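Grab a pencil and work through these exercises with the model open next to you. Try each task before you read its solution.

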Amino acid sequence: MIIAALKSSNPLDSRSPIHIDTVKRLLDLGIEIWFEEDIGKAMNIDNKIFEDVGLKKHSRENCLKNANLIITNQALDVSEIKQIKSNSTILGMVNPFNNKDLINSCSDLEINLVSMEFIPRITRAQKMDVLSSQANLAGYVAVIESAKHLSSALPMMMTAAGTLKPAKVFVIGVGVAGLQAIATAKRLGARVEAFDTRDVVEEQVNSLGAKFVKIDLGETGETDQGYAKELTEDQINKQKELQAKVCERSDIVITTAQLFGRPAPLLIDSKTIDKMNPGSVIFDMAVESGGNVEGSEADKIIERNGVKIIGISNLASKVSNHASLALSNNYNNWITDFYDKETAQINFDFEDEIIKSSVLVFEGKIKNERFQ
Ligand code: NAD
């Protein structure tokens with residue numbers, strides 16, 4: 001079997017789907033690994049380093065035409081799908097909610113499509129969970145980037161010149177990214193508060209030494225996969241009103257609220273921003289999926305009454321070496337769990353919960369009913 005790893009064509013995505021520290025496991029299974037030339041450039045890994053451990057450098061076109069399994073961090077466009085031979089498999093982060101064309105083309109051309117965004121949230125699949133591995137790093141980056149734009153330091157400092165108060169950080173949404181943002185801000189010495197509609201996270205917030213903000217919104221909850229349920233309009237309005245007071249007293253507000261497969265909820269409006277202190281920072285981690293903050297824009301810093309509203313796309317790319325290492329491990333774990341050494345093929349066993357959830361197209365059929 002030939003596996004080919006493709007470079008991202010998005011200049012803002014510097015992550016690679018393979019990493020030099022993780023590929024050996026696949027080579028040991030007798031799998032041939034090709035990589036698109038310069039795949040490691042953005043994380044300072046030269047082609048030669050991959051070649052020295054036994055990987056083969058090829059053009060993108062060659063990879064598409066010849067591989068049995070293609071690993072990619074982004075959706076491929078239809079013209080590229082047409083170059084892939086039938087019965088091959090694409091495995092990666094393919095953003096299926098926004099790429100219906102990709103799903104239909106794979107079905108028409110009998111190319112199998114595995115979406116790593118659809119790895120189920122079960123213990124056995126945690127090692128393959130790309131959303132978590134990247135959200136974790138993104139949460140860290142959000143704090144570092146916010147701190148850069150604040151004109152104060154984060155920790156308390158008792159100096160001969162006077163006592164400097166710690167910065168106040170408010171994290172909205174305590175999933176994987178939010179937890180890492182809390183932990184990072186705490187490590188930097190900030191005073192941290194956090195809120196989530198899933199009240200089960202209160203204990204996790206407290207265990208990190210942060211304070212859970214209690215806002216009673218009536219019935220909220222989570223799906224069987226641990227994702228938040230969508231709030232009603234009344235609940236959102238109530239949340240906005242009650243959390244505004246916490247925003248007003250915060251130096252940094254980091255929003256991470258997401259709803260799987262749907263646009264992110266708008267949680268901070270201009271009215272709230274106008275009450276915040278000039279010089280404070282709002283970091284909208286949901287900017288790529290609609291945004292939690294009114295006026296936020298991807299890859300821009302918008303200033304409103306002295307408040308900086310930051311949106312950065314591909315956050316995990318800011319730590320591309322670690323992001324690539326984690327992604328590569330996620331992909332490798334999927335491959336090694338389902339690779340059959342005897343037949344040198346992937347065993348698409350639809351009785352398996354991970355296969356059932358993550359394989360969107362198989363042998364020309366769209367398997368996931370959301371996309372049928
Ligand atoms: P996510 O990226 O979908 O959303 C981020 C957070 O925003 C969530 O905590 C969500 O509750 C919150 N949110 C949504 N609407 C909100 C609102 N109006 N106000 C405030 N917060 C709001 O979530 P995620 O990071 O993928 O994690 C969701 C849960 O799943 C977490 O508890 C996580 O630990 C869990 N998880 C479990 C597994 C597993 O068991 N294998 C794997 C990954 C994550």
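**Exercise 1: the open sheet**

In this predicted model, eight strands make up an open sheet with mixed pairing, ordered S3-S2-S1-S4-S5-S6-S18-S19.

Solution: 

**Exercise 2: positive phi**

Task: find out where asparagine 44 and asparagine 305 sit, and what phi glutamate 363 takes.

Solution: 
1. Keep the background in mind: most residues other than glycine have a negative phi.
2. Asparagine 44 has a positive phi, near 60 degrees. Its place is the loop between S2 and helix H2 (47-52), and its 71% relative accessibility makes it exposed.
3. Asparagine 305 also has a positive phi, near 50 degrees. This residue is in the loop between S14 (300-304) and S15 (307-311), and counts as exposed at 51% relative accessibility.
4. Glutamate 363 belongs to the hairpin of S18 and S19, which has two residues between the strands, and its phi is positive, near 45 degrees.

**Exercise 3: salt bridges**

Task: how many salt bridges does a search of the whole structure find? Then take three of them and place their partners.

Solution: 
1. The search of the whole structure comes up with 20 salt bridges.
2. Glutamate 36 and arginine 60 meet at 2.8 Å, N to O. Glutamate 36 is in S2 and arginine 60 in helix H3 (residues 60-66), so this pair ties together parts 24 residues apart in sequence.
3. Check the cover, with buried meaning under 20% relative accessible area. Glutamate 36 is buried at 9%, and arginine 60 is buried at 16%. There's a network here as well: salt bridges link Glu36, Arg60 and Glu80.
4. Next, glutamate 145 and lysine 148 have their closest N and O atoms 3.1 Å apart. Both are in helix H6 (residues 130-149), three residues apart, which means about one helical turn between them. Glutamate 145 is buried at 10% relative accessibility, while lysine 148 is exposed at 57%.
5. Finally, glutamate 193 and lysine 211 form a salt bridge at 3.9 Å, N to O. This pair links distant parts of the chain, with glutamate 193 in S10 and lysine 211 in S11 (residues 211-212), 18 residues apart. Glutamate 193 is buried, with 10% relative accessibility.

**Exercise 4: strand S9**

Solution: 
1. Four of the five residues of S9 are buried, so the rest of the structure largely encloses this strand.
2. S9 pairs in parallel with S10 (residues 191-195) over five bridges; isoleucine 172 has phenylalanine 195 as its partner in S10.
3. Lysine 168 lies in S9 (residues 168-172) and is partly exposed, at 32% relative accessibility.
4. On the surface, Lys168 gathers with Lys165, Lys186 and Arg191 in a patch of positive charge.

Key
Residues are numbered from 1 along each chain as its sequence is written. This is a predicted model: local features need pLDDT of at least 70, side-chain atom pairs count only at pLDDT 80 or more; totals for chains, interfaces and linings use all residues. Side-chain values use heavy atoms; hydrogens and water are left out. Patches are made of residues with over 30% relative accessible area and no salt bridge: like charges are joined within 9 Å, nonpolar side chains (Val, Leu, Ile, Met, Phe, Trp, Tyr) within 5 Å. Accessible areas come from the Shrake-Rupley method with a 1.4 Å probe; for residues, only the protein chains shown count as cover. A salt bridge is a side-chain nitrogen of Lys or Arg within 4 Å of a carboxyl oxygen of Asp or Glu. Lys and Arg count as positive and Asp and Glu as negative; His and the chain ends are not counted. The place of a charge is taken as NZ of Lys, CZ of Arg, CG of Asp or CD of Glu. Buried means under 20% relative accessible area, exposed over 50%, partly exposed in between (1.4 Å probe, protein chains only). Two strands pair if DSSP finds at least two bridges between them.
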